[in-house]
Amino acid sequence: MEHEAAGVVHLRAYGELNDHLPPAWRGREREIVPPLRSSVKDTLESVGIPHVEVALLLLNGEPVDWRPLLRAGDRVAAYPQAAGFDFSGVSRVWDPPPRPPRFVLDVHLGRLAAYLRLLGFDTLYQPVDPKDPALVHAAVEEERVLLTCDRRLLMHGALRWGRWVRNRQPREQTAEILDRYGLRDLARPFTRCLACNGLLVPADPARVKRDAPPGALRAHGVEEFSRCPDCG
């Protein structure tokens with residue numbers, strides 16, 4: 001029954017995981033007293049760190065998964081995911097998303113969704129309440145990375161991948177996601193529909209020129225055209 005003993009646990013978060021902590025906690029080890037029979041996952045999320053942002057988890061210096069129950073005196077160290085680092089040979093919690101990743105975004109990130117589609121990334125936008133189970137369902141069933149402004153949503157136990165978007169301006173959000181997931185070399189601009197996320201196909205120039213307002217195409221010097229076969 002030793003795992004049931006409540007007591008002080010030493011917790012240290014590294015890198016951008018500190019964004020989830022109060023300023024006084026950042027960059028240092030903190031002593032906390034978790035509830036009785038708390039797992040590592042329960043303890044981290046009780047202080048605001050979503051499990052989906054953790055790439056490497058050490059308990060008393062050894063890699064562990066999310067299940068161990070904590071004992072008094074335990075030391076927990078959590079390291080963030082980072083583009084270019086492969087933790088798969090060491091970590092027992094890190095499961096990298098497919099390359100390139102596919103995304104699902106909550107209602108607060110519509111402009112970010114448009115920018116990601118503009119760059120060619122498969123991006124599902126769900127204009128529903130962040131508490132709507134459709135977001136988690138899409139992330140799990142379609143193997144998508146959930147991007148959200150609601151960090152509590154990222155603590156859903158079924159989620160494998162997700163990120164709490166730090167920036168509040170759409171262009172800065174886009175740069176954040178490109179850098180976090182190492183996507184700058186994978187961008188394929190103007191290959192997806194901004195309205196529905198469908199893949200674009202070549203359009204008949206003669207038809208486009210016939211339907212366009214007079215002078216519109218000449219003003220922009222456009223010679224190649226695309227259309228969305230899904231929404232027109």
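Student: Which residue in the turn of the β3-β4 hairpin has a positive phi?
Tutor: This is a predicted model. Strands β3 and β4 form a hairpin, with two residues between them. In that turn, a positive phi of about 55° belongs to N60.

Student: What is the bridge partner of L59 in β4?
Tutor: β3 and β4, the latter spanning residues 62-63, pair in the antiparallel sense over two bridges. In β4, L59 has as its bridge partner E62.

Student: How many bridges join β3 to β5?
Tutor: β3 also pairs with β5, residues 75-80, and the two run antiparallel. Within this pairing, L57 stands opposite A78. The bridges joining β3 to β5 number five.

Student: Why is β3 largely enclosed by the rest of the structure?
Tutor: β3 covers residues 54-59. Buried here means under 20% relative accessible area. The strand is largely enclosed because the residues that are buried number six of the six.

Student: Which strands are the edge strands of the open sheet with parallel pairing?
Tutor: The open sheet has four strands in the order β7-β6-β8-β9. An edge strand here pairs on one side only. That gives β7 (123-125) and β9 (162-164).

Student: What angle does helix α4 make with β9?
Tutor: Helix α4 covers residues 170-180. The helix lies across β6, β8 and β9. Its angle to β9 is about 140°.

Notes. Residues are numbered from 1 along each chain as its sequence is written. This is a predicted model: local features need pLDDT of at least 70, side-chain atom pairs count only at pLDDT 80 or more; totals for chains, interfaces and linings use all residues. Side-chain values use heavy atoms; hydrogens and water are left out. Buried means under 20% relative accessible area, exposed over 50%, partly exposed in between (1.4 Å probe, protein chains only). Two strands pair if DSSP finds at least two bridges between them. Contact means heavy atoms within 4.5 Å. Axes are lines fitted to C-alpha atoms, for helices over the stretch in contact, and angles run from 0 to 180 degrees between N-to-C directions.
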